[in-house]
Amino acid sequence: MFLRHLLKNQERIVVYLPAQKCHKGVIEAIQDKLHGQAQDADFLKNLIYSGAIDICIDGLNEVTAETRAKICQFVESYFRGNIIMTTQPLEWIPPSTAKTYYLQPLEQQQIQEFLISRQPRLPQDAKVQGADYAKACTDYLTEVFQQQAKEELDAIRRILSNPMDLTVVALMLSQGKHPNLFRLQEQQYNLMAAEYLKEWNQEFPLKKFSAAVYEMRLADKQALPADEFYQVAMSLSDEKYKMVVSRQWQDKKGEAQKEWYFRHDKIMDFFLVQNFLGETDAAEGLLVDRMGDPRFRGVYFLLATLLEIDAAKKLREELIQYAADTKDNTVSNTFVQLLRTR
């Protein structure tokens with residue numbers, strides 16, 4: 001969001017790059033955006049080195065250690081350039097020339113103000129509204145911040161500093177529910193699935209839908225296969241849950257088109273993780289096969305919470321061994337910290 005704000009208000013020439021596009025190198029990623037003489041590598045390098053072009057690289061946590069290394073090497077080589085990179089919390093070594101800024105968690109008062117500010121956006125038929133909703137927010141935060149263990153309290157503050165998670169908490173409180181911060185997506189899904197059963201008179205097709213989401217992720221597709229899962233898309237987009245959002249436009253023939261997208265990667269991760277759970281050979285194979293794939297990083301963090309404790313400990317050891325072999329501990333360190341909160 002900061003990069004979007006920066007780009008919108010920037011008067012200089014800026015190039016925006018998702019980190020995934022830098023797998024061949026940063027210069028190559030910029031060249032892919034340009035035409036004609038501007039594609040010339042030497043010309044580009046001179047512009048960057050002299051600081052004539054600003055560069056924003058977003059999502060370092062979403063790429064492999066090899067791609068991150070290429071980006072770091074580029075930044076160290078062009079230290080005179082104006083370059084900003086963003087990442088979610090990540091165990092890595094930043095470029096030696098970089099200055100690091102940390103986004104701080106919200107204070108309890110700020111969290112409370114955000115929750116209360118959601119009220120105009122809550123469903124009109126919400127069970128808890130007005131002064132009752134404000135009191136529910138205050139009571140809930142007072143309860144969760146009474147945790148004694150510092151590690152658990154830090155984890156709670158991190159979750160409650162994420163606007164998407166906070167919005168889910170607001171929706172649940174408005175429905176008279178008690179949010180479980182460490183199983184928030186699962187809790188939200190269960191509420192939606194119960195209503196799906198009531199509305200469509202059938203169970204939510206979790207296994208089939210999750211398998212389709214897994215194939216989406218492998219193909220790097222964003223839009224849900226709504227033709228096959230129309231009822232699912234309808235329920236997921238219900239304003240009480242807002243797990244997916246729709247985008248509408250007109251095609252070249254002037255015909256109305258509509259697609260649905262997951263509102264946040266955390267929601268997609270919940271459905272992805274279903275493919276990794278259970279004692280089947282397929283699930284156990286995925287646990288090993290996807291360790292080095294940054295697209296499934298969030299899935300492993302969910303597994304730290306959702307797996308049976310013995311299975312989670314076994315996976316922890318496998319992730320530590322993987323990190324020792326590959327020198328890539330971007331998943332293992334956070335997994336260990338999450339498991340410790342249990």
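Guide: Here's the tour, starting with the strands and ending with the helix pairs. This is a predicted model, in which local features need pLDDT of at least 70, side-chain atom pairs count only at pLDDT 80 or more, and totals for chains, interfaces and linings use all residues. Residues are numbered from 1 along each chain as its sequence is written, and side-chain values use heavy atoms, with hydrogens and water left out.

Let's start with the open sheet: 3 strands in the order β1-β2-β3, with parallel pairing. (Strands are DSSP E runs of at least two residues and helices are H or I runs of at least four, numbered from the N terminus; strands pair if DSSP finds at least two bridges between them.) At the edges sit β1 (14–18) and β3 (82–86), each pairing on one side only. From one strand to the next, the twist averages 15°. Zoom in on β2 (residues 54–58): β2 and β3 share 5 bridges in the parallel sense, and Ile 57 has Met 85 of β3 as its bridge partner. Helix α4 (residues 65–77) packs on this sheet and touches β2 and β3, its direction making about 155° with that of β3. (Contact means heavy atoms within 4.5 Å; axes are lines fitted to C-alpha atoms, for helices over the stretch in contact, and angles run from 0 to 180 degrees between N-to-C directions.)

Now for a helix pair. α5 (residues 108–117) packs against α6 (residues 130–144) at about 150°, with the axes 10 Å apart, so the two are roughly antiparallel. (Under 35 degrees is roughly parallel, over 145 roughly antiparallel, 65 to 115 roughly perpendicular, and the rest oblique.) Their crossing is right-handed, meaning the near helix is turned clockwise from the far one by less than a right angle, with anticlockwise being left-handed. On the α5 side, the contact residues include Ile 111 and Leu 115; on the α6 side, Tyr 133 and Leu 141 are among them. The tally is 7 nonpolar, 4 polar and no charged. (Ala, Val, Leu, Ile, Met, Phe, Trp, Tyr, Cys and Pro count as nonpolar, Asp, Glu, Lys and Arg as charged, and the others, Gly among them, as polar.)

Last stop: α14 (residues 297–306) and α15 (residues 309–326), whose axes come within 9 Å and cross at roughly 145°. This crossing is left-handed. Tyr 300, Leu 303 and Ala 304 of α14 meet Ala 312, Leu 315 and Leu 319 of α15, giving 6 nonpolar residues, no polar and no charged.
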